[in-house]
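Q: I'd like to learn how to read a few features of a protein model. Could you walk me through them?

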Amino acid sequence: MKYQMITALSIMLLAAPAHGASCNVATTGIFFGSYIPNQASPLDSVGTIVVDCAKAALDSLPMTVNYSLHISSGSGGGYTPRTMSSGTHALNYNLYRDALRSSVLGDGSSGTSSITGTLRLLSPLGAATGSHSFYGRIFAGQNLYPGAYADALVVTINY
């Protein structure tokens, strides 16, 4: 019997302002599609985080904005593994910084890593955009109940 699992992540964004610049973050959530219980291979997906920064005031001098992106552990409360839920049922997954899925994406604690970047604002009301891919994986071999599984994460930008 084949079960259709719909899995999705929703992400809330937070930003901490810097002197002279204003930055915003947007992201595409990850949609994994259908997971078949006890399947032999993991189910992978990719998401994107986009950082937009602009000078907060008219200034002819170039400005460099260094930033870091931190992603919460989600509703399961831990990074390894993260869990999506459907009622009382859980589905283990994780997010990674790299396509090889070797570096768990988080806030820099508990063995996780954050995403860092630099944007250069050149013109008097300069703006710049940085794009970062992140990688999701639902682990193979999980015996689950059918349902829609989801988790909610918070992305924080510090600059």
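A: Happy to; we will take the core, then some backbone angles, then a loop residue. This is a predicted model, in which local features need pLDDT of at least 70, side-chain atom pairs count only at pLDDT 80 or more, and totals for chains, interfaces and linings use all residues. Residues are numbered from 1 along each chain as its sequence is written, and side-chain values use heavy atoms, with hydrogens and water left out.

Q: Which residues have the most contacts inside the largest nonpolar core?
A: In soluble globular proteins, nonpolar side chains tend to be buried together. Here the largest nonpolar core has 32 residues, and Val51, Val65, Leu69, Leu95, Ile138 and Ile157 have the most contacts inside it. (Such a core is a set of buried Ala, Val, Leu, Ile, Met, Phe, Trp, Tyr and Cys residues joined through side-chain atoms within 4.5 Å; buried means under 20% relative accessible area, exposed over 50%, partly exposed in between, with a 1.4 Å probe and protein chains only.) The largest share, 5 residues, comes from β5; strands are DSSP runs of E, at least two residues, numbered from the N terminus.

Q: What is the phi of Arg101, and is Arg101 buried or exposed?
A: Most residues other than glycine have a negative phi, and most peptide bonds are trans. Arg101 has a positive phi of about 60° and is buried, at 13% relative accessible area. Ser110 also has a positive phi, near 55°, but is exposed at 63%. A cis peptide bond joins Thr80 and Pro81, with omega about -5°.

Q: Where does Leu122 lie?
A: Leu122 is in the loop between β8 (115-121) and β9 (127-138). Leu122 and Pro62 are 60 residues apart in sequence, yet 4.4 Å apart in space, C-alpha to C-alpha.

Definitions and conventions. Helices (H or I, at least four residues) and strands (E, at least two) are DSSP runs, numbered from the N terminus.
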